[in-house]
Amino acid sequence: MSLNRHKYHTFAMLLQQLRDYTTSTELNAPGLRLRVASLQQMFQQQIVPLALEDTQMPDNSREQSYLTEMSKQLRLLELDVMFFQGARQPATAQARLQTISDRLTTLMQYCEAILQQE
């Protein structure tokens with residue numbers, strides 16, 4: 001497995017772990033926020049530079065598009081977590097968690113699409 005594929009695979013695994021955490025009984029808003037911040041940091045430090053390194057590759061425009069969408073989804077994820085943290089009603093909190101889970105699924109699909117094209 002190439003180093004790039006390994007980084008994307010690792011990122012996808014972290015997304016899955018975070019999605020699993022959203023359904024665990026030990027879920028708490030500060031812990032979720034911390035995990036999302038860690039995920040964003042990993043994305044900025046490990047994933048974004050991969051597109052910069054591969055600027056000569058012919059398929060880079062597609063990968064760049066995926067990375068742009070992933071970056072947008074991560075920012076929205078951060079907002080979703082803030083809304084979850086502010087939820088007062090259990091039904092609202094549950095709806096926010098479903099939105100977070102859906103967003104993580106979307107991010108995992110982007111990772112999978114990138115891994116498929118390599």
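Two aromatic pairs are present in this predicted model, where rings of Phe, Tyr and Trp (its six-membered ring) pair if their centres lie within 6.5 Å, and where planes under 30 degrees apart count as stacked, over 60 as edge-to-face and the rest as tilted. Residues are numbered from 1 along each chain as its sequence is written. Because the model is predicted, local features need pLDDT of at least 70, side-chain atom pairs count only at pLDDT 80 or more, and totals for chains, interfaces and linings use all residues, while side-chain values use heavy atoms, leaving out hydrogens and water.

Select Phe 11 and Phe 43, whose rings form a tilted pair, 5.6 Å centre to centre with 40° between the planes. Phe 11 belongs to helix α1 (residues 3–21) and Phe 43 to helix α2 (residues 29–53), so that the pair links parts of the chain 32 residues apart; helices are DSSP runs of H or I with at least four residues, numbered from the N terminus. Phe 11 is buried at 0% relative accessibility, and Phe 43 is buried at 1%, where buried means under 20% relative accessible area, exposed over 50% and partly exposed in between (1.4 Å probe, protein chains only).

Next, select Tyr 66 and Tyr 110, which form a tilted pair because their ring centres are 5.9 Å apart and their planes lie at 50°. Tyr 66 lies in helix α3 (residues 60–86) and Tyr 110 in helix α4 (residues 90–117), 44 residues apart.

How values were computed
Helices (H or I, at least four residues) and strands (E, at least two) are DSSP runs, numbered from the N terminus.
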